[in-house]
Amino acid sequence: MIRSTFALPAVLALLSLAGLLSALTGDGWRDLLSWTALSVPLLAIAWAASRRSPRKDDPK
C-alpha cells in the first residue's frame, strides 16, 4: 500500500485523466469506462464532505 500524502490525489488525477481520454477516444464501452473513472473523484469528494465535522466557531 502506498503511504504518502500525494498518493490518493495522484490516483484520483490518473483516474480523471483516463476517464477524459476514454470519453474523447470512442463510444460504447469507453463511455462506460469514462463515466466510471470520472465518478470516482466525485464520490471521493462526497465522502470527504460527509465526514467533515462542523467548525467550533460556526455561529449556528
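Trainee: What makes the pair formed by the backbone oxygen of Asp31 and the side chain of Ser34 a polar contact?

Mentor: In this predicted model, the backbone oxygen of Asp31 lies 2.7 Å from a polar atom of the Ser34 side chain. The cut-off for a polar contact is 3.5 Å, so a distance of 2.7 Å falls within it.

Trainee: Why is Ser34 called buried?

Mentor: Buried means under 20% relative accessible area. Ser34 has 5%, so Ser34 counts as buried.

Trainee: Which residues does Ser34 touch, leaving out those up to four places away in sequence?

Mentor: They are Gly19, Ser22 and Ala23. Ser34 itself is found in helix H2, residues 29-50, while Ser22 lies in helix H1.

Trainee: Why is Leu17 called partly exposed?

Mentor: Leu17 has 47%, so that is its label. You will find Leu17 in helix H1, residues 7-25. Together with Leu14 and Leu21, Leu17 forms a nonpolar surface patch with about 300 Å² of accessible area.

Trainee: How do you know that residues 32-50 are helical?

Mentor: Over that stretch the chain is 100% helix and 0% strand, with the end C-alpha atoms 26 Å apart. An unreviewed UniProt entry annotates residues 32-50 as "transmembrane region".

Note on methods:
Residues numbered from 1 in each chain as written. Predicted model: local features only at pLDDT ≥ 70, side-chain atom pairs only at ≥ 80, totals over all residues. Heavy atoms only, no water. UniProt positions renumbered as here; feature names shortened; annotations may be inferred. Helix = DSSP H or I, 4+ residues; strand = E, 2+ residues; numbered from the N terminus. Patch = residues over 30% accessible without salt bridge, like charges linked within 9 Å, V, L, I, M, F, W, Y side chains within 5 Å. Areas by Shrake-Rupley, 256 points an atom, 1.4 Å probe, with all protein chains shown as cover. Salt bridge = Lys/Arg side-chain N within 4 Å of Asp/Glu carboxyl O. Buried < 20%, exposed > 50% of the residue type's maximum accessible area, 1.4 Å probe, protein only. Polar contact = N/O pair within 3.5 Å; in protein donor to acceptor, adjacent residues only side chain to side chain. Contact = heavy atoms within 4.5 Å.
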